[in-house]
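Grab a pencil and open the viewer. Here are a few exercises to work through, each with a solution in steps.

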Amino acid sequence: MFPTSRSPASRQLVCNIGHARARTIASSLGPAVVSIPYHHVSHSTSPVRRVNGVGRTYSTRLIHSSTNRPKPTDHLTIDNASSLSTYEPQPSEMPKTPSPLAVLPLTNVLRSWMTTTVSSSPFLLPPSLAAMSVLAHTTNPALNPDRNPLLRAFLKKTFYAQFCAGENPAEVRQTIDSLKQIGFSGVILGYAREVVLTDSETKDLASSAAEGGAAAEECIRTEINPWAEGTMETVRLASHGDFVALKFTGAGRQALYSLSKRLPPSEALGSAIDGICKLAAERGVRLLFDAEQTALQPGIDDWTLDYMRRYNANGKAIVHGTYQAYLKSTPATLSSHLAIAAAEGFTLGVKLVRGAYLGSDPRDLICDTKADTDNQYDGIAEALLRNSWSGDGLLQPPNPQETKFPDVNVVLATHNRESVLKGKALLDSGVAKLGYEQVAFAQLQGMADEVSCELVAGSHESPKEMEMEAAEKETGKVEGNGNKPQVYKYLVWGSTGECMKYLLRRAYENRDAVQRTKSGREAMGREVGRRVRGLFGISS
């Protein structure tokens, strides 16, 4: 029942519910036709912050503690600077809000529904993986998507379109523009081309590192230079504020040899990396140096810290290292790097992930259970967002006498909704010393879209934020997006054939995260149903 009071608040509430109803129906046809604004009304005297604008409060807990999985309708509310309120809005107070996935075009929703259906099926996934593995490693021209136009057309409209940006600069820019129009802050863009080494080349890495030798010159010409040129082009395709991801081993044998021996990069490779960093700094593009297998990671850490010293200053990080929370050693490694940054005065760029090499890293180096990995991820994230050493002992200064914490910029790269909500709760509550300008949330393109879109849809929901935006518009002083979540999608570009190995890794990742893939399939299925019901004027 609508309230019968003639008070202004009641009249405003009736108006808002009407707007929300109209917006729900319109949004069923896709984002292009959604043009009716709406606002949220709350009778709470405390500021209310929302993730998706609907539902119930999200109980306060430290980020590393165990919690029940929030329901899709849960939202975050902030009571004061150190806790989450327990205020429960009544159903009559809350206007209906479109699903966060309403921002996606219908073609994206249907393609995601198809992909997650295949990935979560015990009958469809095994043959799909087998077929993709053949396509990713074949030497048969008939099975090479770049030489078989029919195969290329099928893949490009389905799996390629789901995860990749495009085959050429024009397609890449179109994809990036479409993501930003949806509401994403930007992209993390990677170059898909990978160096393929023969067994004999892999066994004889030392010859490739001999300065002036024929093998070394061949490596520079056929491996380092193409990698550098592709990465430089990727930086040029990215816009100010975007990220570019790069993998050192993509540069071939010299990189593999130097990393495995924990040596500095060769002169040619070092010059190439330096050129990439300089171009990124000039364009305002940030770099993410990927983590790799544990056998190579110490060398990668050495290189990453060296380039951070050169390019990260004054609280701004151009170069970011990647830290895998599933490794038992990560807290100690990150603590050491934090201490080095504090002592030497540079900004530490941190991309925090759960881990990507479960099938190849030694099992004894990995956390014993998924719960251990979750706790380690969330505990590290909390310490970084609070910009302080953690009280639970995860991040501690190597020297107890040196307790200074450095400037950090953080990328929380995760598909785990609970971790995302916990991180956002800390940022919204005022407990975190970092703000949204120093923190980015990231998910892979085509995966966990329901998590990404929830962040995008919730970026304007706080009454306090709406008041700030209104004040900025009145004064003409708009200071960017410091009060909104910065949400990025990771995707690669390259020809369909060049992207096959990347697509195969995404397929295996979906297989290994069966529950998350099922959740994505169900979310997309609900969104399809919501849009179909909306076509007939049926309430969602």
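**Before you start**

Among contacts (heavy atoms within 4.5 Å) in the protein chain between residues at least 6 apart in sequence, 78% join residues at least 24 apart. You're looking at a predicted model, where local features need pLDDT of at least 70, side-chain atom pairs count only at pLDDT 80 or more, and totals for chains, interfaces and linings use all residues. Residues are numbered from 1 along each chain as its sequence is written, and side-chain values use heavy atoms, with hydrogens and water left out.

**Exercise 1. Find out which strands pair with strand 9, and in what sense.**

Step 1. Strands pair if DSSP finds at least two bridges between them. Strand 2 (residues 186–191) runs parallel to strand 9 (residues 487–493), joined by six bridges. Ile188 has Tyr490 as its partner there, and Gly190 has Val492.

Step 2. Strand 8 (residues 439–444) is also parallel to strand 9, over four bridges, with Leu444 partnered by Tyr490.

Step 3. Strand 1 (residues 164–166) joins strand 9 in parallel through two bridges, and Gly166 stands opposite Trp493.

Step 4. Follow strand 2 onward: it pairs with strand 3 (residues 243–246), again parallel, over three bridges. Ile188 has Phe243 as its partner in strand 3.

**Exercise 2. Are the two sides of strand 9 buried or exposed?**

Step 1. In a regular strand the side chains alternate between the two faces of the sheet.

Step 2. Val487, Lys489, Leu491 and Trp493 point one way from strand 9, while Tyr488, Tyr490 and Val492 point the other way.

Step 3. Check both sets: all are buried. Strand 2 is mostly covered too, with five of its six residues buried.

**Exercise 3. Work out how helix 15 packs against helix 16 and helix 14.**

Step 1. Helix 15 (residues 417–429) and helix 16 (residues 449–457) pack at about 20 degrees, with axes 10 Å apart. So helix 15 is roughly parallel to helix 16, a label for angles under 35 degrees.

Step 2. Helix 14 (residues 370–386) packs on helix 15 at an angle of about 20 degrees, with their axes 10 Å apart, and these two are therefore roughly parallel as well.

Step 3. Look for the residues that meet: Arg417, Val420, Leu421 and Lys424 in helix 15 meet Val451, Glu454 and Leu455 in helix 16. On the helix 14 side, the residues meeting helix 15 include Tyr377 and Asp378.

Step 4. Zoom in on Tyr377, which is buried with a relative accessible area of 1%. Among the residues Tyr377 touches are Leu352, Leu412 and Ser419.

Key
Buried means under 20% relative accessible area, exposed over 50%, partly exposed in between (1.4 Å probe, protein chains only). Axes are lines fitted to C-alpha atoms, for helices over the stretch in contact, and angles run from 0 to 180 degrees between N-to-C directions. Angles under 35 degrees count as roughly parallel, over 145 as roughly antiparallel, 65 to 115 as roughly perpendicular and the rest as oblique. Lists of a residue's contacts leave out its neighbours within four places in sequence.
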